[in-house]
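Please read them with the coordinates open.

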Amino acid sequence: MDIKNLNIDESAKLNAQSWLDGDYDEATKQAIREMAETNPQELNESFYRHLEFGTGGLRGIMGVGTNRMNRYTVAMATQGLANYVKMQFAGEAELRAAVSHDSRNHSREFAEITANVLAANGFKVYLFDGMRPTPELSFAVRHFHCHTGVMVTASHNPKEYNGYKAYWSDGCQLTAPHDEAVIDEVLKIKAVSDVKMKGGEQNIIIIGEEVDKVYLSRVEANSLNPAVIKKHHDVKIVYTPLHGTGITLIPRMLKQLGFTNVNVVEAQAVPDGNFPTTPSPNPEERAAMSMAVDLAKRIDADIVFASDPDADRVGVAVKRPDGEWMLLNGNQTMSVLFYYIVKQWQEKQMLTGNEFMVKTIVTSELPADIATRAGIKIYDVLTGFKFIGGKIRELEGIETFIAGGEESYGYMIGDFVRDKDAVAACSMIAEIAAWALEQGKTFFDVLVDIYREYGFYKEGLLSVVRKGKSGAEEIQQMMRDYRTNPPTEIDGERVVCIKDYKLHESRDLVTGKVTSIDLPTSNVLQFFTDKGNKVTVRPSGTEPKIKFYFGVKGELCCKERFDQVNDQLDAKIESIKRSMKLV
């Protein structure tokens with residue numbers, strides 16, 4: 001069939017024809033011909049644009065086409081990255097890169113292609129011998145003093161997806177100005193003929209166990225209470241890697257720390273890019289945690305945790321007093337981590353007054369409260385772990401970083417990794433479970449203790465979808481209205497502070513004082529009330545939606561009133577939504 005005669009976008013016709021005429025393998029060309037013959041709409045979706053290289057790298061559905069993740073789009077993206085790195089480090093005698101991948105279908109193939117392109121461009125490439133967690137790739141970039149790094153992963157997306165995270169020399173995902181500049185270079189690569197694919201194979205060094213040992217030794221050094229682990233080594237742990245890379249290091253790390261009762265969900269222990277036992281390999285979702293919770297019920301476990309496919313995020317489930325299991329959200333897990341770490345640093349007299357912790361602006365204020373009361377500085381950054389890494393880089397040698405996190409289940413302990421790290425987080429969560437046993441408590445009891453001391457913080461999220469051009473315009477109008485006519489009260493509470501991350505200003509509505517917000521520009525607004533509640537408004541940069549994050553606070557006198565206060569706070573969030581005419 002002649003592609004020119006198909007009823008599809010002109011851009012799709014041009015892109016598909018260029019692949020048919022270009023230096024692409026015959027199997028790829030045959031797949032194009034078959035789509036043209038049997039499924040023109042799929043051909044249109046596959047070729048109507050080039051897969052966007054965003055500020056974090058690539059992510060898309062796997063398949064043939066310019067708008068798909070495949071060996072050619074990966075190679076072209078890598079060539080653009082290589083070109084930019086070579087320009088930025090033009091005076092270096094040797095350029096170095098680290099490459100790793102997760103358990104997804106085609107991940108090894110894409111990692112090897114990435115390594116080959118970098119090597120052909122003169123880089124010395126450290127390629128892991130098999131799948132590894134994302135945090136170890138971040139660690140390897142720093143360990144080998146690399147100029148860049150690539151992790152092939154689509155994180156917790158469905159099985160049809162794969163992706164590509166690009167890292168800079170500090171082990172952090174690309175931040176300004178490098179993120180936009182790399183995108184510009186990638187856009188200059190129009191065809192596979194622009195890519196150096198071969199000729200540098202001798203520059204590739206296979207790495208593995210020797211790096212694992214160093215990385216795990218750094219994770220082990222995070223431990224704040226080895227004596228408690230030794231005493232309660234048999235704390236009953238259930239862990240699932242959700243068919244991902246966590247299986248390579250997390251059980252091993254727990255054993256190295258001294259835990260002897262780690263129960264892995266065997267059906268989910270085998271790496272498999274099809275994720276056959278769960279509809280979504282996302283530890284934020286109850287379905288992904290169900291097999292682990294079922295095992296915990298059977299063996300009467302003390303704690304449950306799950307890592308996502310590239311083992312940078314972790315979900316946690318804890319046992320309630322009534323014997324039922326409760327999934328913690330990211331804010332709750334982060335608060336417990338901060339609480340335990342701060343308490344241990346205090347008890348061991350490790351605090352000097354020069355320490356800091358970091359959270360994102362949409363995260364609960366509870367971790368900030370915990371840090372501030374201990375005399376530890378807390379910094380807010382924009383959403384995304386690369387901004388936490390950027391704050392560490394900014395303060396390196398000036399202040400001491402302790403820990404950081406975000407509400408979307410990502411946590412960092414210590415600064416030897418510059419991305420979220422489920423290996424380190426799982427290790428610390430297990431230690432907290434042992435510490436709770438030492439006091440005759442459960443992990444749930446620790447959460448209750450935090451709420452009793454600092455207040456019961458509760459968060460909610462509402463995504464309002466507005467599709468099409470008119471929807472996008474409506475979302476932008478909503479943001480303009482909130483700026484020009486901001487609410488003076490929310491659900492009967494007076495708004496006392498407004499933070500505008502687009503205008504870089506924080507306005508105290510009580511005193512009239514305006515202070516500058518020293519963060520990159522972002523179209524985000526926050527409203528704080530006199531009762532300590534918070535609403536954050538943030539349009540999505542990639543989807544036709546606007547997100548509302550709600551943070552409310554109550555008082556908890558005792559464990560027995562947990563459900564009652566929890567329900568009251570849920571009702572408060574619903575009341576705020578109604579007062580803002582969102583439901």
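1. Every distance and angle below should be read as a value computed from a predicted model.

2. Main core. The largest nonpolar core holds 108 residues, and Phe305 and Phe548 touch the most other members. Its top contributor is helix 15 (residues 422-438), with 13 residues. In soluble globular proteins, nonpolar side chains tend to be buried together.

3. Around Phe305. Which residues does Phe305 touch, beyond those up to four places away in sequence? The list includes Ile237, Val238, Tyr239 and Thr240. Leu254 is there too, with Val314, Gly315 and Val316. Cys426, Ile429 and Ala430 are also touched by Phe305.

4. Strand 12 (residues 355-360) and strand 13 run parallel and are joined by five bridges. Within that pair, Met357 has Ile378 of strand 13 as its bridge partner.

5. Helix 12 geometry. Is helix 12 mostly covered or mostly exposed? Mostly covered: 15 of its 18 residues are buried. At 1.5 Å a residue, helix 12 should span 26 Å, and its end C-alpha atoms are 26 Å apart, so the two agree. Asn329 caps the N-terminal end, with a side-chain oxygen 3.0 Å from the backbone nitrogen of Asn331. After the helix comes Gln349, with a positive phi near 50 degrees.

6. Strand 22 and its partners. Five of the six residues of strand 22 (residues 534-539) are buried, so the rest of the structure largely encloses this strand. Strand 21 (residues 525-529) runs antiparallel to strand 22, with four bridges joining them. Phe528 has Lys534 of strand 22 as its bridge partner. The two strands form a hairpin with four residues between them. Gly532, in the turn, has a positive phi of about 85 degrees. Strand 22 also runs antiparallel to strand 23, through six bridges. There, Thr536 stands opposite Tyr549 of strand 23.

7. Thr153. This residue sits in the loop between strand 4 (148-152) and strand 5 (161-168). Thr153 has a relative accessible area of 0%, so it counts as buried. Its side chain reaches the backbone nitrogen of Ser155 at 2.9 Å. Setting aside neighbours within four places in sequence, Thr153 contacts Asp102, Thr134, Asn162, Gly163, Tyr164, Lys165 and Asp310.

8. Cys558. Where is Cys558 found? It is in the loop between strand 23 (545-554) and helix 18 (562-579). At 23% relative accessibility, Cys558 is partly exposed. Cys558 and Gly389 are 169 residues apart along the chain, and their C-alpha atoms are separated by 38 Å.

Note on methods
Residues numbered from 1 in each chain as written. Predicted model: local features only at pLDDT ≥ 70, side-chain atom pairs only at ≥ 80, totals over all residues. Heavy atoms only, no water. Core = buried A, V, L, I, M, F, W, Y, C linked by side-chain atoms within 4.5 Å. Buried < 20%, exposed > 50% of the residue type's maximum accessible area, 1.4 Å probe, protein only. Contact = heavy atoms within 4.5 Å. Pairing = 2+ DSSP bridges. Polar contact = N/O pair within 3.5 Å; in protein donor to acceptor, adjacent residues only side chain to side chain. Expected span 1.5 Å × (residues − 1).
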